[in-house]
Amino acid sequence: MADSASKHIDMTTGSLWRNIPLFAFPVAATSILEQLSNLIATVIIGNFSGDQGTLAMAAVGSNVPLTSLMLNLFIGMSLGSNVVIANAIGRNDQNMVKRAVHTSILMALVGFVVIALGEIFAEPMLAALNVPAETMPLAALYLRVFLLSMPSILLYNFEAAIFRSVGITRMPLQALAVSTILNIGLDLIFVPVLHWGVAGVAIATAIAYTVSAATLFVHLLKTDSVVRVTPRDLGLDPVALKRIVKIGLPAGIQSAVFAVANIIIQSAINSLGTEVMAASSAAMSLEYVCYNLLNSFSQACTTFVGQNHGARQIDRCTKTLKVCLVEGGIVALTTIVIIVGLGREILALFNSDPNIVSIGYIRVCSIFPAYAFSMFYENMSGYLRGFGISLMPALITMICVCGIRFYWVFCVFPHFRTFANIMMVYPISLGTTAFFMVVAVLLCHPARTYRAAQVKATAR
């Protein structure tokens, strides 16, 4: 694993058309593997839980917005680490690289705080989602057990961000591939054999992520790269922490608002009954696979722009955005065509009930075409983050995504209480966000701003 996995991609030289996919596809594969475990777990729980199959699927699905809220916030923070480290590498500031790396590792410990709060407020949070009484016991059990995996999940994502900042994308993928196989194997033991149900799925996730996080930590201790971790240097450096939080917190909020908005939408979906919840859960699993595939180009855009900005290669930053939009657009179109075309057949793998498949396909046809908008604004947002501009895209996302979805659920849905009506809010909110993100890039025009600053500095 060591030699091929630790080979880094040079972001400041070479062909962007070649190097960006080399970076993005392993990141996409890593994200898809993370979701694959959830997909297979949903299939197993739906088909090997006897009469409680639909109820168990609904219990797992009702937790998705909550777990996404927690994960997205801290994964966004890890993007702050990615940008700070990548920018320092571009400037050849090895001291800042070292300080940011060791600070990032310790930041993952906040996962223990999430566990404590989650264990206390599990049932109240689920109750706020209008989870039906018959689903509540299983949903609460799943959430409480899943929270045990939070520190390992956060540590893995911070470690992966550290490796990606220096252009090493295969190692996080390979570490997760091993833990995914382990996760699936444990699911097949815990659910069909031991009959642990939703608790078994959550326990398998916790064990698998602990293995992947430990694997990456060992490699960070042994790597010859500039991001090597030395245990005695672990600590929270104030300067590095401030820079990471400045970029990462808005990025985390930007990601988390999707989960907040989806919590509101999930609450409306839950009010339509367990059958709709189960159908929506199955379709949602497909969405996360597609979204992470498209989002990998946004992460590539952020990291490439971050390094080239640090190296003061501003023209290459602009070209990075263009390449990510073109290549990401091709991937988006291909994915949309495949999923919409085969949607019914794929949904039937989760639950063969024709009614659940039909309801789930409504979600597929409503949301997947709208991912073209998502690809567009995620890359724009990643471009701005690479320049250290993180607050503006976060504000746009909060206003456009949360604002529109809140209005829809509280003002439109009560008059037209159908699943199809709820789904309409996705293309509307994503399209609006894409429009205003383009406006933000044109107004900020970071490439022109930093180019002018360079000319001014040279003139002095």
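How many disulfides does the structure hold?

Author: The model is a predicted one, in which local features need pLDDT of at least 70, side-chain atom pairs count only at pLDDT 80 or more, and totals for chains, interfaces and linings use all residues. Residues are numbered from 1 along each chain as its sequence is written, and side-chain values use heavy atoms, with hydrogens and water left out.

A disulfide is a covalent bond between the sulfur atoms of two cysteines. Here the term is applied to a pair of cysteine sulfur atoms within 2.5 Å, and the structure holds zero disulfides. C301, for example, takes part in no disulfide, and the nearest cysteine sulfur, which belongs to C324, lies 4.3 Å away. C301 has a relative accessible area of 0% and is therefore buried (buried means under 20% relative accessible area, exposed over 50%, and partly exposed in between, with a 1.4 Å probe and protein chains only).

C400 may be considered next. The closest cysteine sulfur to that of C400 is in C402, at 10 Å, and this is too far for a bond. With a relative accessible area of 7%, C400 is buried.

To summarise the cysteines discussed: C301 is in no disulfide, with the sulfur of C324 at 4.3 Å, and the sulfur of C400 is 10 Å from that of C402. C301 is buried, and C400 is buried as well.
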